[in-house]
Amino acid sequence: MSLAEPGAAVVEIRISARPALIPTVRAVASDLAGRADYDLDAISDLRMAVDEACATLVALSPEDSLLSCKFVIGKELIEVIVSTPDAPPEATVSTESFGWRVLQTLADEVSTARGVDGEPDALVIRLIKHSGAVR
């Protein structure tokens, strides 16, 4: 599922799926984009997109579950894969919601799926933000 290219840097964090911990993931996203020389607008867009993706999955996760956020930093893009392995089978990410429209506006690419990194039932939101003005 990942676009990881040879030599890409990968940062993954896991937190309890609680709204109070989302700012930690948002801060990591901001820091990684800044270190990758993204401009301030792109950093802000990535930070808000990561926040929305995390909030969406936290809302669909049981209280005691984990949230994983994997950042793959390539030459000209950052791919973010946010997932929760414990979402109920009937849980889905609505692609008709306001939050989904926000994600589509902030990220260059966004998708949702089931299954990631050997966890076939994980609920996933994947987004890509390019470093340039590619849209």
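Trainee: Which residues form the negative surface patch?

Mentor: Glu63, Asp64, Asp86, Glu119 and Asp121 form it. A patch takes residues with over 30% relative accessible area and no salt bridge, joining like charges within 9 Å and nonpolar side chains (Val, Leu, Ile, Met, Phe, Trp, Tyr) within 5 Å. Asp and Glu count as negative, Lys and Arg as positive; His and the chain ends are not counted. The place of a charge is NZ of Lys, CZ of Arg, CG of Asp or CD of Glu. Areas come from the Shrake-Rupley method with a 1.4 Å probe, and for residues only the protein chains shown count as cover.

Trainee: What kind of model is this?

Mentor: This is a predicted model: local features need pLDDT of at least 70, side-chain atom pairs count only at pLDDT 80 or more, and totals for chains, interfaces and linings use all residues. Residues are numbered from 1 along each chain as its sequence is written, and side-chain values use heavy atoms, with hydrogens and water left out.

Trainee: Is aspartate 64 buried or exposed?

Mentor: Buried means under 20% relative accessible area, exposed means over 50%, and partly exposed lies in between (1.4 Å probe, protein chains only). Aspartate 64 is exposed because its relative accessible area is 72%. Its place is the loop between α2 (40-60) and β2 (66-73). Helices (H or I, at least four residues) and strands (E, at least two) are DSSP runs, numbered from the N terminus.

Trainee: Where is isoleucine 15, and what does isoleucine 15 touch?

Mentor: Isoleucine 15 sits in strand β1 (residues 9-16). At 10% relative accessibility, isoleucine 15 is buried. Contact means heavy atoms within 4.5 Å. Leaving out residues up to four places away in sequence, isoleucine 15 touches Leu21, Ile22, Val25, Ser65, Leu66 and Leu67. Aspartate 31 is 16 residues from isoleucine 15 along the chain, and their C-alpha atoms are 17 Å apart.

Trainee: Which residues are in contact with histidine 130?

Mentor: Tyr38, Glu76, Leu77, Asp108 and Glu109, with neighbours within four places in sequence set aside. Histidine 130 belongs to strand β5 (residues 119-130). Histidine 130 counts as buried because its relative accessible area is 15%.

Trainee: How many salt bridges does a search of the whole structure find?

Mentor: Side chains of opposite charge can pair when their charged atoms come close. A salt bridge needs a side-chain nitrogen of Lys or Arg within 4 Å of a carboxyl oxygen of Asp or Glu. The search finds six. One of them joins aspartate 51 and arginine 26, at 2.5 Å from N to O. This pair links distant parts of the chain, 25 residues apart: aspartate 51 in helix α2 and arginine 26 in helix α1 (residues 22-35). Aspartate 51 is partly exposed at 22%. Arginine 26 is partly exposed at 28%.

Trainee: Which residue forms a salt bridge with lysine 129?

Mentor: Aspartate 45, with the closest N and O atoms 3.4 Å apart. Lysine 129 is in strand β5 and aspartate 45 in helix α2, 84 residues apart. Both are buried.

Trainee: What ties glutamate 79 to arginine 126?

Mentor: Their side chains meet in a salt bridge, 2.7 Å from N to O. Glutamate 79 lies in strand β3 (residues 77-84) and arginine 126 in strand β5, so the pair ties together parts 47 residues apart in sequence. Glutamate 79 and arginine 126 are both buried.

Trainee: What is the phi of aspartate 37?

Mentor: Most residues other than glycine have a negative phi. Aspartate 37 is not a glycine, yet its phi is positive, about 65°. Aspartate 37 lies in the loop between α1 and α2. Aspartate 37 is exposed, with a relative accessible area of 68%.
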